[in-house]
Amino acid sequence: MTQANRIDAYIAALSRALRGFSEPDRQDILQEIRAHLDHRDGEGRLDEALKSLGSPQDCARGFSEELKLQQAFTDRGPARTFAALFALASQRLTAAVGLLISGVFFLFAAGFAFTAFYELVTPELAGLWSNPDSGSFFFGVIDSGSLPETRDLLGPWLFPVAALLTLASLLMGQWLGRLFIRLLMRRPRMLG
Amino acid sequence: MYLAIQGVMDIESWKSQLRKGAAELAVLALLAKGDRSGTGLLDELALRPDVGLSDGSIYPLLSRMEREGRIAGEWHTPEDGGRGQKRYRLTPEGAAALRHMRAAWMRFQSDLSLVLGDPT
């Protein structure tokens, strides 16, 4: 295989690996990587350049990660932040930890929202419940069989408290998610 | 022997931590001296391997910095018809980011030097 054929084969594989990109972005990346390989080939350093770029899939992943992180950072929405952490979790430990921690807060938000919704539909089953016998507390929805043993501590305040806790959990999950996105952006994946 | 290998591995991990954020600062600083292609940046950084930018990491970084508006890329084709190269220049936003990052880096370096003291 000639050097030109090796470059063509690499670019063709990279083009397939960049399927998720818009056509202008994909062409721009392919053109730049081809120019880089041609330049290194002219210097007799093609092998070194191919080794340093990594496999076409690794090379594409580098662009894909940077794009996801940048989109998540610019978008500021919880969905894009969570999606970026989810997409990178299998490759980056920082993303996995971020996904886990922000995910816990998003789950809390879902639980509080569910309780607030239940308070509107079936108020007698939703509440901050206290069981004087066992000394335990429970925030959420209980089954009607447990009603005689428990006491609702919040009463009509449940809905505003649950709504506030939903918002606080969402904001906390989003803030932590963005903190981890910022950490990931400060550390390019293939350094060194 | 194990402890010696472990020590080297810890230093490598620590160096990797040090490189956080430094790659972008290095690229901005080089572009402040003049327009450069990705290959040109890599050639200059080859003399400074501890900065830690490789062929595989520089192009995704340049792509992101361009989307963020800190640098602008433009294709240049040689007059003899050879293959062109994308050359990058610093934008006003990039120049402002460089000023802030450089000042923060200088303060960090100065404070750490005082903490470390004279090695002798």
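What share of the 192 residues in chain A is buried? In this predicted model, buried residues make up 29% of the chain. The predictor assigns the complex an ipTM of 0.78 together with a pTM of 0.65, and for chain B the mean pLDDT is 84, with 82% of its residues reaching 70 or more.

The secondary structure of chain A consists of 7 helices and 3 strands, and these elements follow one another from the N terminus in the order α-α-α-α-α-α-β-β-β-α.

Helix H1 of chain A, which comprises the 15 residues 3-17, was examined for its length and for the placement of its side chains. Within H1(A), the residues A:Ile7, A:Tyr10 and A:Leu14 are buried. These three cover an arc of only 65 degrees around the axis and therefore lie on the same side of H1(A). An α-helix has 3.6 residues a turn, which means that residues three or four places apart point the same way. On the face of H1(A) that is turned away from its buried side are found the exposed residues A:Ala4, A:Asn5, A:Ala9, A:Ala12 and A:Arg16.

The contact between the chains takes 23 residues from chain A and 23 residues from chain B. On the side of chain A that touches chain B, the elements giving two or more residues are helix H2 (23-42), helix H3 (46-53) and helix H4 (56-75), and H2(A) gives the most, with 7 residues. By class, this side of chain A has 10 nonpolar, 7 polar and 6 charged residues.

In chain B, 3 strands form an open sheet in the order E1-E3-E2, with antiparallel pairing. Strand E1 (36-37) and strand E2 (71-76) of chain B stand at the edges of this sheet, and because each has a single partner strand, one side of each is left without a neighbour in the sheet. E2(B) is joined by 6 bridges to strand E3 (residues 85-90) of chain B, the two strands running antiparallel; the bridge partner of B:Ala72 in E3(B) is B:Arg89.

Definitions and conventions. Residues are numbered from 1 along each chain as its sequence is written. Chains are lettered from A and ligands numbered from 1 in the order in which they are written. This is a predicted model: local features need pLDDT of at least 70, side-chain atom pairs count only at pLDDT 80 or more; totals for chains, interfaces and linings use all residues. Helices (H or I, at least four residues) and strands (E, at least two) are DSSP runs, numbered from the N terminus. The expected span of a helix is 1.5 Å times one less than its number of residues. A residue is buried if 20 or more other C-beta atoms lie within 10 Å of its own, exposed if 12 or fewer, and partly exposed in between; C-beta atoms are placed from the backbone. The arc is that of the directions from the helix axis to the C-beta atoms. Two residues are in contact if their C-beta atoms, placed from the backbone, lie within 7 Å. Ala, Val, Leu, Ile, Met, Phe, Trp, Tyr, Cys and Pro count as nonpolar, Asp, Glu, Lys and Arg as charged, and the others, Gly among them, as polar. pLDDT is the predictor's confidence in each residue, from 0 to 100. Two strands pair if DSSP finds at least two bridges between them.
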